Amino acid sequence: MKTTGGSDAAKRDAGESAADLVTDGTVVGLGTGSTAAHAIRALGRAVDSGLDIRGVPTSFASRELAREAGIPLVDLDEVDGVDIAIDGADQVAGGDLIKGGGAAHAREKIVDAAADRFVVVADPSKEVETLDHLVPVEVLPAARTTVASAVESAGGDPVLRDAEHKDGPVVTDNGNLVLDCDFGAIEAAAALARTLSETPGVVEHGLFVGLADEVHVGTGEGVTVHE
Ligand code: 5RP
């Protein structure tokens, strides 16, 4: 998986700290990205040692990694609920997040929101006072231009996300496109989240407002937990 932002040691500390919270017999949401990947690998090692869990992946990438790690997998519609979800973030301001750097935020939001306990794993580079990262907006391909206009009307500057190593746009696991939208400093995240959610053609956006129950920030020398 692609590594972004802070040090890998910090990401490992955060991921392993969150994996330590997982108990026997639980259903675990498996997030996407390089920090969540450390949690998935740690859970795989715990499964090797006898931990009995079922994982609900949030993306094709997390499914592949969890499969390699030996974690038994289920789909969300096969379980009664998710006990705990562990997922990364592109930016964290208290309990509010911006996610979607891996274009997986639609499934991530479904699984993370369904969890009794949503644990965010991050390195210190992700922590801010006010969210100001690009907000990824997954759109139906046919709605690309109408959603872009709506984003502009809401004060944002949308750019279609391109695939890094090949021609053409990024296509999500759901077959859609992603507009990365610059809103500058986001003072009213809940209102912006509502506006985006109400726009026809928006499948899901990367503002996760008030969803996080706790944030584990790794430093490479330990972990700070914010609840
Ligand atoms: C994927 C995400 C990731 O969790 C987010 O991009 C953080 O990734 P990383 O841990 O690699 O910095 O939201 O859609």
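Helices (H or I, at least four residues) and strands (E, at least two) are DSSP runs, numbered from the N terminus. The structure is a predicted model, in which local features need pLDDT of at least 70, side-chain atom pairs count only at pLDDT 80 or more, and totals for chains, interfaces and linings use all residues. Residues are numbered from 1 along each chain as its sequence is written.

Ala103 sits in the loop between strand 5 (96-98) and helix 4. Ala103 is not a glycine, yet its phi is positive, about 60°. Ala103 is also buried, with 24 other C-beta atoms within 10 Å. A residue counts as buried if 20 or more other C-beta atoms lie within 10 Å of its own, as exposed if 12 or fewer do, and as partly exposed in between; the C-beta atoms are placed from the backbone.

Helix 4 also holds Glu108. An unreviewed UniProt entry places the feature "active site" at Glu108. UniProt positions follow the numbering used here, feature names are shortened, and annotations may be inferred rather than shown by experiment. Glu108 is buried, because 31 other C-beta atoms lie within 10 Å. Neighbours within four places in sequence aside, Glu108 is in contact (C-beta atoms, placed from the backbone, within 7 Å) with Gly31, Thr32, Thr58, Asp87 and Lys99.

The ligand is surrounded by 21 residues. A residue is near a molecule or strand if its C-beta atom, placed from the backbone, lies within 6 Å of it. The closest are Gly33, Thr35, Gly88, Gly101 and Gly102. Helix 2 (34-48) and helix 4 (105-114) are the elements that give two or more residues to this shell. Helix 2 gives the most, with 3 residues.

The largest nonpolar core has 60 residues. Such a core is a set of buried Ala, Val, Leu, Ile, Met, Phe, Trp, Tyr and Cys residues joined through C-beta atoms within 7 Å. Val137 is among the residues with the most contacts inside the core. Beyond its neighbours within four places in sequence, Val137 is in contact with residues including Val147, Val151 and Leu196.

Helix 5 (residues 144-153) has four named buried positions: Val147, Ala148, Ala150 and Val151. Seen down the helix axis, these fall within an arc of 160° (taken from the directions from the axis to the C-beta atoms), so they line one face. Thr145, Ser149, Glu152 and Ser153 are exposed on the other side. The cover over the buried residues includes strand 7 (135-139) and strand 9 (177-182). Gly155 follows helix 5, with a positive phi near 95°.

Note on methods
Two residues are in contact if their C-beta atoms, placed from the backbone, lie within 7 Å.
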